[in-house]
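Visitor: I'm new here. Could you show me the structure and walk me through it?

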Amino acid sequence: MRFETIAVHAGDRPDARFGAISVPIYQTSTFVFEDVGKTRGFDYSRVANPTRKVLEDTIAQLEGGKAGFAFATGMAAETTVMHLLKAGDHVISGDDVYGGTYRLFQHVMKDFGIDFTLLRMDDRRKIESAIRPNTKMLWLETPSNPLLNITDIEMAVDVARRHNLLTVLDNTFATPYLLKPIEFGVDLVVHSTTKYLNGHCDVVGGAVVTTTEELTERVQFLLNAMGTCAAPFDCWLVLRGIETLAVRMRQHEENTRVVADYLSRHSVVKRVFYPGLESHPGHEIARRQMKGFGGMVSVELKGGMAAVNRFFRSMKVFSLAESLGGVASLAEHPATMSHASMDKDHREKVGITDELVRLSIGLENVDDLIEDLEQALKRR
Ligand SMILES: *Cc1c(COP(=O)(O)O)cnc(C)c1O
C-alpha cells in the first residue's frame with residue numbers, strides 16, 4: 001500500500017467488533033481477563049491500549065519501521081529514548097536542535113551522567129573527531145528547528161555505523177511524507193506528533209519508531225516502566241490528523257514556497273531560511289533525501305527588536321504562538337519562546353539571533369498570507 005492509503009487504513013480498522021470506520025476510543029484503564037493468565041490481547045492501558053495500538057501501527061508503517069510507540073508528548077518520547085543509555089555514555093547531537101531537546105540534554109540528562117557534544121552536523125570530519133570510546137548515540141534533527149539546517153543523513157549514518165553508534169532522527173519537521181529516515185539506515189525515528197502528524201493544534205503527543213527486535217523490546221519496556229505513554233483520546237486525535245497528512249503537507253509546501261519566494265525578495269528581510277530556496281546551503285542534500293521542503297520558514301528581519309515587535313503586533317492572519325505544523329499559520333520568536341530554554345551564549349553561537357522569526361505556514365489561502373506579511377513588514 002502507498003502512503004495515503006496506509007494513513008487511512010493501517011492498523012486494526014475498521015474495528016473487529018462492530019465495524020466502526022472511525023477507530024473507537026478505548027477510554028479504559030484496564031481490561032477484563034478471559035481466564036487466569038489469559039487476556040484478549042490487552043491487560044492495562046499503560047502497557048498497551050487498542051486505540052494507541054492503531055496509531056502506533058500506522059506511524060510505524062508510514063515510517064517503514066518495525067514498531068511504533070505513542071507518547072504523552074514529543075519530550076516524553078525523547079526522554080524515553082535517552083533512557084536507552086546509561087551513566088558514562090556520550091552523545092553527539094546537532095547544535096541547533098529544538099530548544100526543549102537541548103534543555104533535556106544539557107539540564108536533565110547531564111545530571112544523570114550522560115555527556116553531550118553539540119556540533120553542526122554538516123561535516124563528516126567534525127563528527128568523527130567528536131567520537132570518543134564511550135560515544136553511543138548520534139542525535140539528528142533535519143531540517144532543524146528553527147534554522148532549517150539540513151544534515152546529510154547518508155553521511156551521518158555511515159559515520160555512526162563505522163563507530164557502532166545508535167542513530168536517532170527527530171523527523172518532526174519533515175514528517176514521513178517528505179522524509180523516510182529509516183530508508184537511509186537511521187535506527188530510531190522520534191516525533192512530536194503535536195505538530196504536523198496531528199496538524200490541528202488540539203493535542204500534544206510524541207512517537208518513536210524502531211527498526212530492530214531488540215530496540216522494539218527495549219522501547220516497549222521503557223515506555224511501560226517509565227509510564228510515558230499517550231492517552232487514548234490523544235491518540236485518536238493524532239490518528240485523525242494523520243489521515244489527511246499527505247494532502248496537508250502538499251498544501252503546506254505549496255504555500256510555503258510562495259511565502260519563501262516573497263520573503264527572499266523583501267527589502268526589510270535580511271535572510272530567509274528555507275531549504276527549498278536554491279540559495280540555501282542544504283538545498284541539494286534536501287532535494288536528494290526529501291520529497292519536498294516542508295512548511296517551515298524562518299527569517300531574519302532588519303531593524304532589530306523594534307522591527308520584530310512591530311511585525312508580531314501587526315500580524316492579523318498569523319498568530320503569535322509556540323508550536324507549528326497546524327492548519328493555522330503561526331509566527332514565533334525563537335529567542336524568547338521555543339528556544340528560550342537554550343543558553344544565551346549557545347543560542348548566539350549557533351545563529352539563533354534576536355531578529356530571527358519562525359513562521360509555520362498554514363493552509364489559509366496563500367494570497368491572504370502574503371497580504372498579511374506585506375502589511376506587517378511595512379516600515380512605519
Ligand atoms: C515541538 C518539538 C519537540 C517537542 O515536542 P512536544 O510535543 O512539544 O513535547 C521535539 N522536537 C521538535 C523538532 C519539535 O518541534
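Visitor: In which sense do strand S11 and strand S12 pair?

Guide: This is a predicted model, where local features need pLDDT of at least 70, side-chain atom pairs count only at pLDDT 80 or more, and totals for chains, interfaces and linings use all residues. Residues are numbered from 1 along each chain as its sequence is written, and side-chain values use heavy atoms, leaving out hydrogens and water. Strands are DSSP runs of E, at least two residues, and helices are runs of H or I, at least four, numbered from the N terminus; two strands pair if DSSP finds at least two bridges between them. S11 (residues 330-332) and S12 (residues 356-360) share 3 bridges, and their sense is antiparallel.

Visitor: And which residue in S12 is the bridge partner of leucine 330?

Guide: Leucine 330 has its partner in S12. That partner is serine 360.

Visitor: Which strands are at the edges of the sheet?

Guide: The open sheet has 5 strands with mixed pairing, in the order S8-S9-S12-S11-S10. An edge strand pairs on one side only, and that picks out S8 (269-273) and S10 (319-320).

Visitor: Which residue meets lysine 53 in a salt bridge?

Guide: A salt bridge puts a side-chain nitrogen of Lys or Arg within 4 Å of a carboxyl oxygen of Asp or Glu. Here the N to O distance is 3.0 Å. The partner of lysine 53 is aspartate 57.

Visitor: How many salt bridges are there in the whole structure?

Guide: Another one joins lysine 38 and glutamate 34 at 2.9 Å, N to O. A search of the whole structure gives 20.
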